[in-house]
Amino acid sequence: MNISKISTYHNTVRFIISLWLLIILGGCSQHTAKISVLSNPTCQPPCWQNIEPGKSTVSEVVKLLQSNAMIDSKSITIRGESWKIFNDIVYFLSNSNKVKGEIYFLDGNVAMILLAGEVNVSFGQAIDTFGDPEYIINIPMIMGPPGIPTTSYEIIALKPKMGVEFGYDTRDISRANRSEVKPKNELSLISFFDPNVYDNLLEV
């Protein structure tokens with residue numbers, strides 16, 4: 001493997017870990033009912049529900065979320081200030097409270113959309129929708145109380161040129177399905193991002 005490929009691989013892993021840390025640090029949401037975040041598509045990825053990475057502004061995003069039947073309009077909040085490299089962040093929940101969304105902005109436009117929780121999309125369905133990933137990476141995650149660590153794995157599929165990432169934590173699936181990536185394994189994260197700011201997102 002040449003130096004440029006090694007650098008690309010390391011940057012990809014950094015980006016994936018950053019996305020998962022954003023979800024973990026953002027806390028957990030309550031769970032009550034199923035919802036598919038890919039239902040009723042209105043545009044091509046990385047656009048989601050007419051929210052376009054690289055184009056949509058904060059005010060446009062809020063209006064789109066408020067009019068979206070999948071979203072709990074009362075849950076929509078705006079950070080109102082910068083955080084790390086981002087100018088602002090919009091938070092929201094699905095009507096079921098099973099999916100938590102976070103939308104990050106750079107230079108006033110959407111840079112990244114994170115959808116976490118029970119997105120009700122399988123690994124196979126994601127590949128049918130987005131196509132084969134450019135990378136599939138297995139990342140060990142050490143968790144648990146001091147002295148009693150537990151290890152789980154994040155299975156991540158990434159398409160940087162399209163601006164799409166999806167994956168799941170092996171803790172969330174049955175032990176029988178943990179040893180290999182199977183189409184029926186349910187995702188716990190889907191993210192859409194502006195491919196033009198991919199390098200910026202590596203700095204998170």
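# Chat about a predicted model

Me: Where should I be careful in this one? Residues 24-33, what's the pLDDT there?
Reply: Over residues 24-33 the pLDDT stays under 50. The model still has 20 contacts beyond four places in sequence for that stretch. Keep in mind that this is a predicted model.

Me: And residues 1-6, how many contacts of that kind?
Reply: One contact beyond four places in sequence. The pLDDT of residues 1-6 also stays under 50.

Me: OK, fold next. How many helices and strands?
Reply: Four helices and eight strands.

Me: In what order do they run?
Reply: From the N terminus: α-α-β-β-β-β-α-β-β-β-β-α.

Me: How are the strands arranged in the sheet?
Reply: Eight strands form an open sheet. The order is β1-β2-β3-β4-β8-β7-β6-β5, with antiparallel pairing.

Me: Which strands stand at the edges?
Reply: β1 (77-78) and β5 do. Each has a single partner strand, so one side of each is left without a neighbour in the sheet.

Me: What holds paired strands together anyway?
Reply: Strands of a sheet pair through backbone hydrogen bonds.

Me: How many bridges join β1 to β2?
Reply: Two, and the strands run antiparallel. β2 covers residues 88-93. I78 stands opposite V90 in β2.

Me: Moving along the sheet, how many bridges join β3 to β4?
Reply: Eight bridges join β3 (residues 99-106) to β4, again antiparallel. L106 stands opposite N109 in β4.

Me: What's in the turn between β3 and β4?
Reply: The two strands form a hairpin with two residues between them. D107 sits in that turn and has a positive phi of about 55°.

Me: Which strand does β4 meet with five bridges?
Reply: That is β8, and the two run antiparallel.

Me: How many of β4's residues are buried?
Reply: Seven of nine. Strand β4 spans residues 109-117 and is mostly covered.

Me: Change of topic: α3. Which residues are buried there?
Reply: F123, G124, A126 and F130 are buried in α3, which runs over residues 123-130. They cover an arc of only 160° around the axis, so they are on the same side of α3.

Me: What do they pack against?
Reply: Four strands: β5 (135-143), β6 (150-159), β7 (164-169) and β8 (189-193).

Me: What comes just after α3?
Reply: G131, with a positive phi of about 90°.

Me: Now charges. How many salt bridges in the whole structure?
Reply: The search finds five.

Me: Give me one of them. What does E52 pair with?
Reply: E52 forms a salt bridge with K55. The closest N and O atoms are 3.8 Å apart.

Me: Is K55 buried or exposed?
Reply: K55 is exposed, at 56% relative accessibility. E52 is partly exposed, at 32%.

Me: And what does K100 meet?
Reply: K100 and E102 meet through their side chains in a salt bridge, 3.6 Å from N to O. K100 counts as buried at 10% relative accessibility. E102 is buried too, with a relative accessible area of 2%.

Me: What about R171, which residue does it bridge to?
Reply: D169, with 2.8 Å from N to O. D169 is buried, with a relative accessible area of 2%. R171 counts as partly exposed at 48%.

Me: Last bit, overall numbers. How much of the protein is buried?
Reply: Buried residues make up 47% of the 204 residues.

Me: And what's the accessible surface?
Reply: About 10,400 Å². Carbon and sulfur atoms account for 51% of that surface.

Technical notes: Residues numbered from 1 in each chain as written. Predicted model: local features only at pLDDT ≥ 70, side-chain atom pairs only at ≥ 80, totals over all residues. Heavy atoms only, no water. Buried < 20%, exposed > 50% of the residue type's maximum accessible area, 1.4 Å probe, protein only. Areas by Shrake-Rupley, 256 points an atom, 1.4 Å probe, with all protein chains shown as cover. Salt bridge = Lys/Arg side-chain N within 4 Å of Asp/Glu carboxyl O. pLDDT = per-residue confidence, 0-100. Contact = heavy atoms within 4.5 Å. Arc of directions from axis to C-beta. Pairing = 2+ DSSP bridges.
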